[in-house]
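Take the structure below one step at a time, starting with the whole chain and moving on to single residues. Keep the model in view while reading.

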Amino acid sequence: LLPDLLTGRGKLAVVTVAHLVSVAFYLVLVVHGWEISRAVAFQSAPATGLSMMWPMLALSAGGALAVVNTVGVVLDGALQGRLAPPRSESTREGDV
């Protein structure tokens, strides 16, 4: 919402800060997800006997995929010369 109200440097600053905060959060997921998965590796699920490390690795995997996606969005925007991804048809001005 806020980037749509701004232009030029203001829009660039808001979009850049949003991407940086997102990547920082995703990296926290990766690091702490890895630490948690190592901490619970000795535990196993009662029903399956599966090590609890595997479900906890989903945090790290999801964070890593989110970082890749965010970097892709930033690179795509930079290569196409726009500041933010285009809005979909359903979110154009005047639509509710």
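This is a predicted model: local features need pLDDT of at least 70, side-chain atom pairs count only at pLDDT 80 or more; totals for chains, interfaces and linings use all residues.

A residue counts as buried when its relative accessible area is under 20%, as exposed when that value is over 50%, and as partly exposed in between.

Begin with the chain as a whole. The protein chain has three helices and zero strands, so that its elements, read from the N terminus, follow the order α-α-α. It has 96 residues, and 15% of them count as buried. Taking the contacts between residues at least 6 apart in sequence, 48% join residues at least 24 apart.

Now turn to helix 3, which covers residues 53-80. Does its length fit its number of residues, or what would one expect? The rule is 1.5 Å times one less than the number of residues. Helix 3 has 28 residues and should therefore span 40 Å; the C-alpha atoms at its ends are 41 Å apart, which agrees. Just after helix 3 comes glycine 81, with a positive phi of about 75 degrees.

Which residues of helix 3 are buried? They are Leu57, Ser60, Gly63, Ala66, Val67, Thr70 and Gly77. Leaving out neighbours within four places in sequence, serine 60 is in contact with Leu29, Val30, Gly33 and Trp34. With one of these, valine 30, there is a polar approach: a polar atom of the serine 60 side chain lies 2.9 Å from the backbone oxygen of valine 30. Serine 60 can also be compared with serine 37, which is 23 residues away in sequence; their C-alpha atoms are 8.8 Å apart in space.

Together with Leu75 and Leu79, Val71 forms a nonpolar patch on the surface, and the accessible area of the three is about 320 Å². Leucine 20 is found in helix 2, and counts as exposed because its relative accessibility is 56%. The C-alpha atoms of leucine 20 and valine 71 are separated by 10.0 Å, although the two are 51 residues apart along the chain.

The last stop is the loop between helix 2, residues 8-39, and helix 3. Serine 51 has its place in this loop. Is serine 51 buried or exposed? At 19% relative accessibility, serine 51 counts as buried, since the limit is 20%. Apart from neighbours within four places in sequence, its contacts are Ala41, Gln43 and Ser44. A polar atom of the serine 51 side chain lies 3.0 Å from the backbone oxygen of alanine 41.

Methionine 52 is in this loop too. Its relative accessibility is 24%, and therefore methionine 52 counts as partly exposed. Not counting residues up to four places away in sequence, methionine 52 touches Val40, Gln43, Ser44 and Ala45. Between methionine 52 and alanine 39, which are 13 residues apart in sequence, the C-alpha to C-alpha distance is 9.4 Å.

Terms used:
Residues are numbered from 1 along each chain as its sequence is written. Side-chain values use heavy atoms; hydrogens and water are left out. Patches are made of residues with over 30% relative accessible area and no salt bridge: like charges are joined within 9 Å, nonpolar side chains (Val, Leu, Ile, Met, Phe, Trp, Tyr) within 5 Å. Accessible areas come from the Shrake-Rupley method with a 1.4 Å probe; for residues, only the protein chains shown count as cover. A salt bridge is a side-chain nitrogen of Lys or Arg within 4 Å of a carboxyl oxygen of Asp or Glu. Helices (H or I, at least four residues) and strands (E, at least two) are DSSP runs, numbered from the N terminus. Buried means under 20% relative accessible area, exposed over 50%, partly exposed in between (1.4 Å probe, protein chains only). Contact means heavy atoms within 4.5 Å. A polar contact is a pair of N or O atoms within 3.5 Å; within protein, one must be able to donate a hydrogen and the other to accept it, and residues adjacent in sequence count only if both atoms are side-chain atoms.
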